[in-house]
Number of protein chains: 2
Amino acid sequence: MEKGDLKLIKKYQKELTLIEGVAALLDWDQQTYMPKSGILFRAEQSAFLSEIAHDKIVSEELFNSLKRLKRKKIFGDDKLMLDRFYKRVERARKIPRSLVSEIARATSLGHDAWQRARDKNNFEVFRPYLERIVELKRKEAKLISLPGSLYNSLLDDFEEGMTAEKLKPIFEKLKIELIEIIRKIENSKEYGKRKNIFLGNKFSKEFQERMVRDVAKRMGLDEEKSRIDFSEHPFTTKIGINDVRITFNIRESPLFSFESAVHESGHALYELGLPEKHAYDVLGGTPSLGIHESQSRFWENMIGKSKDFWSFYFKKFKEEANLNNFEEFFREVNSVSKGMIRIESDEVHYCLHVILRFELELALMEGKIKVRDLPKLWNERMKEYFGKTPKTDVEGVLQDVHWSGGYFGYFPTYALGTIYASQIFASLKKKYPKIEEDIRKGNFRKIKLWLNENVHSFGSKMLAEEVIKKACGEGLNVEIYINYLNDKYSKIYGF
Amino acid sequence: MEKGDLKLIKKYQKELTLIEGVAALLDWDQQTYMPKSGILFRAEQSAFLSEIAHDKIVSEELFNSLKRLKRKKIFGDDKLMLDRFYKRVERARKIPRSLVSEIARATSLGHDAWQRARDKNNFEVFRPYLERIVELKRKEAKLISLPGSLYNSLLDDFEEGMTAEKLKPIFEKLKIELIEIIRKIENSKEYGKRKNIFLGNKFSKEFQERMVRDVAKRMGLDEEKSRIDFSEHPFTTKIGINDVRITFNIRESPLFSFESAVHESGHALYELGLPEKHAYDVLGGTPSLGIHESQSRFWENMIGKSKDFWSFYFKKFKEEANLNNFEEFFREVNSVSKGMIRIESDEVHYCLHVILRFELELALMEGKIKVRDLPKLWNERMKEYFGKTPKTDVEGVLQDVHWSGGYFGYFPTYALGTIYASQIFASLKKKYPKIEEDIRKGNFRKIKLWLNENVHSFGSKMLAEEVIKKACGEGLNVEIYINYLNDKYSKIYGF
């Protein structure tokens, strides 16, 4: 019996993995090559696949097998796999199919309304739709009903094991420290001397694409297992084992394509480094989005915005444009300014953006504030944390897509990933004190292998906190990130 | 009850249509952009989708609904839809899942063995695998058991309503006439004067791709509903409503990319012209592969190898290379020679290749010959029809992929499509006697619209024979094709 159950449970996981990959291909194609008019049929295809996946995960046959196995003594990886999959199945079974459909419909309409609201620069267009989404997501959270804040039931889906109660003091401390670092930067003699070296120079599309491919390859992205295409918004997706794809785009700033390629390649290396042995079961996945983001932000910021890294790439950029002063150039890569937009933010302001969103969505889910209060609260907090308020809703509360898709609990993973990244960087430097010498030569081999061994190879056999403990000797530690920022920016801005 | 049944039957058809489109995307991606190492996971994804589709089509719930509805009075399109879908379901239900899997495995191994046999230029490597495939396909045919030749049960899947008994006299006549036309060509004064204008000139890849896109656009392929990519073998695929894709390739002959683009665009225009009202049911498909092929071969041969067509495109090709003599150039486009390879064949030899394959696969299925006899029989018939025998197995019996995939009954549709194409051409000229004037200007609008109205718009509401009757005033008529060839080639070769 036991053997049969285990086999069946693995078969279900394999099928769910296959569906996930197919769904990822539909989405990748939609964002890269699909002819414009294909969109309606594509939406039907995607919805149909979600239905098949949902039917699979809530199947009685599967649940009965899982319950029987839970009563038996199982050890090792099978035990881990069973626990994690059971949790996922249990979660899915708590939400009735009708609510799944309602949320799908509400977020589909919500996404559309969000875009219209942005076009009209008017939150009111989006408000009724967001109210509906919030209502449904609170309903979902109540059905899942993890202990503590209602928010935890949603957060757990993105960052398993994390809670609002744990996050609050960490983010509170981070917020105070970030505001202090920003104060020091703004009082420094170098602040505001930005010369717009990049925007002042033309970097051809061909050059930008060449650099994108160059850096991905140097980071160790295997061309037989990955590809790089062009899309409106850069993203990484896993189509299947040995098939991971990233995209890039050319924007006004010539650094955009390059930095986002470094970021997405970080994600892609993680996907390709997950344990192949568990390719068809839940252990082959990631423990949390925070860990995923730690990989992209580690490469983007700790490596891709470091002086050693740019002492290598400056040579290439210099050849293309009229650049001569490396110090000025490097300062521009790391220039700090009070931008209102999260995705355009510098390293120092970035987590403040995230914390603001976390505070608002937490209060929303806990029923302490209303959707209609969002624009006012947003602007008040921006004034408080940034000393400036957005001029429009598009620059403010309408800037992110997440809420329109019902993704409450997603934002904190950006800040968590950033903190993890700094811890990983510290550990890596402890292991290889002279790693800068490699980086200055554009050689990232040791870094990639260290990440493969110390982060990627665990898959989701452990939760995020345990992965970080194993890789860095301790769990989440925001001090390390604060020290990293103080250390780096005091040198750049001289404070 | 009835209403519920009809709804359910339509739901099943919609789901099957969605799965087909997703499967088509997996295949398209595999042939265009998939990273090399993604192949193993892709095979699993494709197999899984086939299983889902098979489970759907043989579902008891569906069959019960269909049986109930068959007893009721249904009219109009619903009646047509019901009949066609019932037939498809009945056919699928006749084949047990175990046989479906066995055939899938045998053809998967068979395809691999076929490639190895080609690499070694040795039919013996392929023989045991082909024997197994033939055995399984005969088993399948016996289970389906249509009246007449055992071959009919397989042929019907590609060309519904067609039988070996109907085909034999038609192909017999065609064979005799083709051999006679070839004799006249070979005795003409122009024969053998080919100058290899194309191979002697360099046409850049950029130029070839520009011409591919140019001709597809002129033919009326809407860029918002289609795309053109690069792949090893050119093909057309429908991903969904308003999303049809073709591919091209660059080969030694610079005409290859252009002619195959015309061919594939013919297929693509057909797919885009099918009735959108029936996009989610069986009536929105094609009645037969012969009709599909009539569209590609009509454009490729009757239009794309005509003098009027080339009087337009010669100007563009002339600019790229050192060409001056249009007559010579045109004769080269239509040069006739005794090639051993079907897909490289000229218009006159093409159907002879097809008839040879038909005769052999018919005898195989009827148990009159054995797989081990194939190379000998192939070469004997080549000698008889072509007056020449292939030097190797790769040039002979190993040249086509079809049998390795179990596609017995497929070949005749190439010849049928060619005959239909000539009939369509004759009807079109009756309707628009001065259509050459448009063609000479590179204007194909009237042709596309006529095909849309007289062929595409019916979907599969009628069988192939009826579509041709409606479009051309009579059913399959091989005389028209023979007249077309005599007329065209007597002018070119002067006989």
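These legends describe close-up views of a predicted model.

**View 1. An aromatic pair joins B:Phe158 and B:Tyr407.** A search of the whole structure finds 81 aromatic pairs over all chains. B:Phe158 belongs to helix α7 (residues 152-158) of chain B, and B:Tyr407 to the loop between α15 (374-386) and α16 (412-431), so the pair ties together parts that are 249 residues apart in sequence. B:Phe158 is buried, at 13% relative accessible area. B:Tyr407 is partly exposed, at 44%.

**View 2. Two tryptophans of chain B, B:Trp378 and B:Trp403, pair edge-to-face.** The distance is 6.3 Å centre to centre, and the angle between the planes is 90 degrees. B:Trp378 sits in helix α15 of chain B. B:Trp403 lies in the loop between α15 and α16, 25 residues apart from its partner. B:Trp378 is buried, with 1% relative accessibility. B:Trp403 is also buried, with 6%.

**View 3. Lysines sit over tyrosine rings in chain A.** The charged end of A:Lys11 is placed over the ring of A:Tyr12, 5.5 Å from its centre. The charged end of A:Lys70 is placed over the ring of A:Tyr86, at 4.5 Å from the centre.

**View 4. The largest nonpolar core has 127 residues.** In soluble globular proteins, nonpolar side chains tend to be buried together. Among the members that touch the most others are A:Phe298, A:Trp299, A:Phe309 and A:Ile447. Helix α14 (residues 347-365) of chain A gives the largest share of this core, 13 residues. Beyond its close sequence neighbours, A:Phe298 is in contact with residues including A:Ile424, A:Phe425, A:Leu428 and A:Ile447. A second, separate core holds 126 residues, including B:Leu255 and B:Phe425.

**View 5. Helix α18 (residues 445-454) of chain A has five named buried residues: A:Ile447, A:Trp450, A:Leu451, A:Asn452 and A:Asn454.** Among the elements that cover them are α10 (255-273), α11 (289-303) and α16 (412-431) of chain A.

**View 6. Chain B meets chain A.** The contact takes 35 residues from each chain. About 3100 Å² is buried between them, and carbon and sulfur atoms give 65% of that area. In chain B, B:Pro35, B:Phe41 and B:Phe48 lose the most area to chain A, together 21% of what that side buries. The count of salt bridges between the chains is eight. In one of them, A:Arg245 pairs with B:Asp29, the closest N and O atoms being 2.7 Å apart.

**View 7. Salt bridges link side chains within each chain.** Over all chains, the count is 101 salt bridges. A:Glu102 in helix α5 (residues 97-120) pairs with A:Arg132 in helix α6 (residues 123-144), 30 residues apart. Their closest N and O atoms are 2.7 Å apart. Both are partly exposed: A:Glu102 at 24%, A:Arg132 at 32%. A:Arg218 bridges to A:Asp214, with the closest N and O atoms 2.9 Å apart. These two are four residues apart in helix α9 (residues 205-219) of chain A, so about one helical turn separates them. A:Arg218 is partly exposed at 30%, whereas A:Asp214 is buried at 19%. In chain B, B:Arg331 and B:Glu190 meet at 3.4 Å, N to O. This pair spans 141 residues.

Definitions and conventions:
Residues are numbered from 1 along each chain as its sequence is written. Chains are lettered from A and ligands numbered from 1 in the order in which they are written. This is a predicted model: local features need pLDDT of at least 70, side-chain atom pairs count only at pLDDT 80 or more; totals for chains, interfaces and linings use all residues. Side-chain values use heavy atoms; hydrogens and water are left out. Rings of Phe, Tyr and Trp (its six-membered ring) pair if their centres lie within 6.5 Å; planes under 30 degrees apart count as stacked, over 60 as edge-to-face and the rest as tilted. Buried means under 20% relative accessible area, exposed over 50%, partly exposed in between (1.4 Å probe, protein chains only). A charge sits over a ring if NZ of Lys or CZ of Arg is within 6 Å of the ring centre and within 35 degrees of the ring normal. A nonpolar core is a set of buried Ala, Val, Leu, Ile, Met, Phe, Trp, Tyr and Cys residues joined through side-chain atoms within 4.5 Å. Contact means heavy atoms within 4.5 Å. Buried area is the accessible area (1.4 Å probe) that two parts lose on being put together, summed over both. A salt bridge is a side-chain nitrogen of Lys or Arg within 4 Å of a carboxyl oxygen of Asp or Glu. Lists of a residue's contacts leave out its neighbours within four places in sequence.
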